[in-house]
Each structure stands twice: as structure tokens, then as C-alpha cells.
Amino acid sequence: MSTYIDPAHPNRHDPYTDIPDVVIRYLKYLETILNRSPRTVNAYYIDLRGFFRFLLGFRTHADTPWNELDVHELDLAFVRAITQEEIYEYLYYLTNECANKPTARARKLAAVKGLFRYLVRKENLLTYDPAEDISTPSIKRALPKYLSLEESLELLNNIQSDFFERDYCIITLFLNCGMRLTELVTIDLSDFKEDTIRIVGKGNKERLVYLNNACKEALRRYCDARAALPNLTDKKALFVSARTGKRLSNRRVEQIVERCLKTAGLSGRGYSPHKLRHTAATLMYRHGNVDMLALKEILGHEHVSTTEIYTHINTQQLKDAVSSSPLSRVKAAMVHRSDKELPEHQEESNLEDLDDNAKGTESEET
């Protein structure tokens, strides 16, 4: 991400000064009206800055590397002159010069489409939307990567850390509650009430998640250890550094998860905090008989269609379906007769049949 986001304060960013004014107004609209998180707005900023740098370089054939071009003085006339053909050139550039995958191209195109919708419908600065009829790149929907039940137990049983209570609690919450990385980092002590935790998700949407016995025990042990820290600076934050007493950053939690995976012999397999979220959802669906609507609420998905991907990874259902075939128990008859066992006249008859078939085939081909 850009340095505009302060790792110590993920909900803040500096003023955007290196992009056109119309883009700045759009980003403020995203943050203040649509209630997008600062990290989401920052991602839009990066993508739109890249889009305008491409356009400036494409139009002027600049010798300066396009990712270094200054676009903050581009005016509304420049924006009004953008054509559908130029947007296609941008997508072609992302594909062939930047080697962006379909998911990255789709995300960047979404930023461009959003900007033009805003300029046409909200500010009425444009009468034509050049991005409206451009289709989003087709994306192959991949199944989520997750730990098996055995791997999850292996991870929990092999945590080695200088602050064991904290790191064990982090892994336990990831595996049981299915929260996102940013959601875990921003938890405050005041977010707990009885046996629930208040989680602030995407778009600052709040949801309540119930804590099971494993989570409550891990939290109790960690809070006791946290209270004993000699230099507790951030008294509101749940997860803090043992050295500084300040709230853990996203990157620090990623490092903790990486280390725990390594000590459990699970490193190098593409697992991450977000994969632990997938693991929680998968285990609840496969082993807990949790229905889609309940799982949607636990994960904080906006649409149930997002949650439905977990129905495709219930391998036990697939195994049972294949086993239910009426042919699943049929075994090959273990009888083998060699050519020597065939009667002599039958051997000759078969050879004649083959010869006749060959002649018939030649006749048809001719």
C-alpha cells in the first residue's frame, strides 16, 4: 500500500496532493458518503493515479517513466477528452506491459468506472460515460485455500512465542471467529460484552460474533498476561506489543501468523491470516452444520452469494455423492482366458470378422 496510510494509524491518511482535483473529490465522496474505509479509498487513489499517469504518457509519448509522471494539474478538459478507446488501451497496457492478472485489471477498471459514474451522475460534469459499456475482465472463481482440521490442530498445538498467551489467542480467534486481519487488529477491550464480541468490518459495518469456550479461555489467559505488562501504552487496544505496549499493526500480526505456521511445519503452503478466516468458515460449514445465512452473518458478508463458495468445498458431500452411485460396488470379474483357450474355429471366425470390418471401412472411405 501507499505510504499515505500510517501503519500505526490505519484509519488515517495524508491529503492526496498528486492527483487531479476531480479525483480528490471522488475519493472524499467514497470516504464520507459511501463510508468506504481509508484503506479502500487509498487503494482507489493508487489505481486512479496510475490510470491518469498512463493517459498522460500515452497522449504525450513522454520519455519519463509513466509511473513517475505528475498528474495533479490535469484539468477537467483532460478528463472530458477521455475516450472508450483510451480505456481499452489502458487495459491492454495492464495486460501486456504490467502483466496484471484478471483480478487486478478488474479492480482497476472498477476504480475507473466508479470515477466516471460519479462525474456523470453526482457532479454532472460529464454528459457521456466512456467506461459504461466496457465489460469487466472475466475472472475465474477459485476455491478458497484453507487448513484442514488436522492442520488447524497442529497449528494450535505448536505455537512457540515470547508472548505465547497473545499469539495463541490471535490464532484461536482467527480459527474460531473467521474475522479479517484488520478487524482483529482494531478490536478494543470495550468491544466485549458477556460472550460476544463487536467487530467493525468493511464499510464500518458492525456485527456481533459469539465466543465459544476456546475463545473465552484464550482471551482470559491473554488478558491476565496483558495486564501484567510494565509499559502498557495503548490501554484500549486488545492486542498490543510486549515491547512497546502499543496496538499491533496489520503487518506485525502477519509476521506472528507466519512464525506460528513455521513452527507448526505449515509454512510455504500459501497460508496467511485471510486463509485462517477461510479455515474458520470451512470448518464451521463442514463440521458444524452451519447454514449459509448464519455463516454470512458470522463472516460479515454483504451478499449470501459470497458465502456460497463454501458450499463447493464440502468434500464429504462430494464423496458421499460419488459413493451413492449404484455402480460404486461393482467389481470386475477376475476371469481371464488367453487366446490359446479359444476354440480353433472361433479364432478363425474372429479373424474373418476383423477382415470383413476392414474391407467395409475401406469401402465407406472410398
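Guide: What follows sets a few values against their definitions. This is a predicted model, in which local features need pLDDT of at least 70 and side-chain atom pairs count only at pLDDT 80 or more, while totals for chains, interfaces and linings use all residues. Residues are numbered from 1 along each chain as its sequence is written, and side-chain values use heavy atoms, leaving out hydrogens and water.

Visitor: Why are H7 and H11 called oblique to each other?

Guide: Helix H7 (residues 164-177) and helix H11 (residues 273-287) pack at an angle of about 45°, their axes 6 Å apart. Angles under 35 degrees count as roughly parallel, over 145 as roughly antiparallel, 65 to 115 as roughly perpendicular and the rest as oblique. H7 and H11 are therefore oblique.

Visitor: What makes S3 and S5 edge strands?

Guide: The open sheet of 3 strands has the order S3-S4-S5, with antiparallel pairing. Strands S3 (192-193) and S5 (206-210) each have a single partner strand, so one side of each lacks a neighbour in the sheet. Two strands pair if DSSP finds at least two bridges between them; S4 (residues 196-200) and S5 have 5 bridges.

Visitor: Why does Arg 207 count as buried?

Guide: Arg 207 is found in strand S5. Buried means under 20% relative accessible area, exposed over 50%, partly exposed in between (1.4 Å probe, protein chains only). Arg 207 has 10% relative accessibility, so Arg 207 counts as buried.

Definitions and conventions: Axes are lines fitted to C-alpha atoms, for helices over the stretch in contact, and angles run from 0 to 180 degrees between N-to-C directions. Helices (H or I, at least four residues) and strands (E, at least two) are DSSP runs, numbered from the N terminus.
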